[in-house]
Amino acid sequence: MPTVQEIRQASADEEPLTMLTAYDAPTAELVDAAGIDMILVGDSMGNAVLGYDSTLPVTMDDVAGHTGAVVRATEDALVVADMPFLSYGATDDAGIENAGRLVKEAGANAVKIESGPHTVELTERLVQLGIPVMAHLGLTPQRLNQVGGYTRQGTTEADAREIRDLARRHEEAGAFSLVLEHVPSELAAEVTADLDVPVIGIGAGPETDGQVLVLTDVIGLSASPPPFAESFGDVRGEIADAVASYREAVEDGDFPD
Ligand code: KIV
C-alpha cells in the first residue's frame, strides 16, 4: 500500500498518481487489483449509487458503512473516506469525532474534507491527532445551494487567488494532498507548481500530480456523467444485456434447464 508519506512525496515529475472512487467490496477489489494508488469512498455515492440527486443527503452512517466494505476488500490501495455534508465545520469537536469514526470504526487510512477557510484549523487538529487529511478545493459539491450549480470554479482572478491561498493554507496545516475539482487547467497547473504536496485533479486538466474520477463514470454505468468525465467501458450496456438475457431465459423456460 502506498503510505500517506509516499503519496505526500509524489510529484508531477514522476508517474501521475491514480485515484478512483469505490463504494462496495466487489468494485473496490477490482480497483485495487488494477493497481490504482488510492480509493476514495466519496460522498459522490449519493448520486452514484444511493439514488439521490446531490451529495447533501449522504450521512456519516452511509460513508462509514461503505468505507468498511471497501476497506475489507482492499489490500494495496490507500483508502480515503469522504467527510459528508455537515459532519464537520459546525464545531471542530464534531469534525474530529466523525473523522475519528471513519478511521477507527471503518478502517480508512485518511479522510477527505471539502475545504474552505473554516477547515484550516480542523485540518491542523486532525493531523496533530494522527488523522491524515486530503483537502478539496475548486468545485465543492456540498456547497451546491451556495454556488447554484456544478459550474467551473476559479474563473475570476479573485476566485483563483482564493483557491491558491486556501491551497497553501491547507498544505501548511498539514494536508497530505489536495483534490482540485473543475477549475481552469492554468489555475490547476499554478497550484500544482506552488504546492509541495500532490494535487489530484478532476476536470482540472493534465498538469496536476494525479487524476481522480468517479468509478461509475469510468466504467460507463452512470446515466449522466459530468462533462469532464471519461468513460472507459460500457457496464450499463453489459448489465442491461445480462438482465434482459436472464429474463428471456426464465420466461422461455431455458433457465433453469
Ligand atoms: O465524492 C467524490 O467522489 C469526490 C471526487 C469527485 C473527488 O469528491
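**Reading local features**

Modeller: His 182 is found in the loop between β6 (177–181) and α9 (185–194); helices (H or I, at least four residues) and strands (E, at least two) are DSSP runs, numbered from the N terminus. This is a predicted model, in which local features need pLDDT of at least 70 and side-chain atom pairs count only at pLDDT 80 or more, while totals for chains, interfaces and linings use all residues. Residues are numbered from 1 along each chain as its sequence is written, and side-chain values use heavy atoms, with hydrogens and water left out.

Biologist: What is the phi of His 182?

Modeller: The phi of His 182 is positive, about 50 degrees, although the residue is not a glycine. His 182 counts as buried because its relative accessible area is 12%; buried means under 20%, exposed over 50%, and partly exposed in between (1.4 Å probe, protein chains only).

Biologist: Is Leu 86 buried or exposed?

Modeller: Leu 86 is exposed, because its relative accessibility is 64%. Leu 86 lies in the loop between β3 (78–82) and α5 (92–104), and its phi, near 65 degrees, is a positive value in a residue other than glycine.

Biologist: Which residues surround the ligand?

Modeller: A residue is near a molecule if one of its heavy atoms lies within 4 Å of it. Here the ligand is surrounded by Thr 21, Leu 40, Gly 42, Asp 43, Ser 44, Asp 82, Lys 112, His 136, Val 179 and Ile 202.

Biologist: How far is a polar side-chain atom of Ser 44 from an oxygen atom of the ligand?

Modeller: For Ser 44 the distance is 2.5 Å. An N or O atom in the side chain of Asp 43 is 3.0 Å from a ligand oxygen atom, and a polar side-chain atom of Asp 82 lies 3.1 Å from an oxygen atom of the ligand. On its own the ligand has 260 Å² of accessible area, and the protein covers 96% of this; such areas come from the Shrake-Rupley method with a 1.4 Å probe, and for residues only the protein chains shown count as cover.

Biologist: Which residues does His 170 touch?

Modeller: Contact means heavy atoms within 4.5 Å. Not counting residues up to four places away in sequence, His 170 touches Ser 115, Gly 116, Thr 119, Val 120, Thr 123, Ala 135 and Ala 175. His 170 sits in helix α8 (residues 157–173) and is buried, with a relative accessible area of 1%.

Key. Polar contact = N/O pair within 3.5 Å; in protein donor to acceptor, adjacent residues only side chain to side chain.
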